[in-house]
Amino acid sequence: MKAWLTVIFAVAIAGCGAVASEGAKIQQENAAEDASVKRIVVVQTADVPGHPKYTQLGSVEGVCGRAPAYDDDNSSASPGFKHAAYNKYGDKVDAIINVNSWFVLSNQASAPQGPGNAEGHLECKGIAVHFD
């Protein structure tokens, strides 16, 4: 009986070490993603100030919280659009160009109204690019 308890205890300790290791790995991945996302530039035009040459990676779409002209990284939802680009193209994304936004009513909205008076969110679409 003691032998079984010792084996079970050893397995439990080994399992906890694996969980802690996996947790640390996830934290490192999240930190790397957050750092990459913070450096992504979002513009409504095809020109990125200071970066005349770039390679298009492809289209990206996501929740942007507010119109890209007001994107200041302080909006709680604004990183969603940048995270969508990161999830699709990885850390190659340096900017998102030609960004367009539109208001999407939520399913709970009682009647069609404007962005200031209705339940919903802004959706953004653009082209992810990598600086040459």
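The link between C64 and C124 is right-handed, with 75° about the S-S bond. The sulfur atoms of C64 and C124 are 2.0 Å apart, and the bond counts as a disulfide under the criterion of a pair of cysteine sulfur atoms within 2.5 Å. A search of the whole structure returns 1 disulfide.

The model is predicted, with local features requiring pLDDT of at least 70 and side-chain atom pairs counted only at pLDDT 80 or more, while totals for chains, interfaces and linings use all residues. Residues are numbered from 1 along each chain as its sequence is written, and side-chain values use heavy atoms, leaving out hydrogens and water.

How exposed or buried are the two cysteines? C64 is buried, at a relative accessible area of 4%, and C124 is likewise buried, at 1%. Here, buried means under 20% relative accessible area, exposed over 50%, and partly exposed in between (1.4 Å probe, protein chains only).

Turning to the sheet, 4 strands form an open arrangement in the order β1-β3-β4-β2, with mixed pairing. Its edge strands, β1 (41-42) and β2 (54-63), each pair on one side only. Helices (H or I, at least four residues) and strands (E, at least two) are DSSP runs, numbered from the N terminus, and two strands pair if DSSP finds at least two bridges between them. Strands β3 (residues 95-105) and β4 (residues 120-131) run antiparallel and are joined by 9 bridges. Within this pairing, I96 stands opposite A128 in β4.
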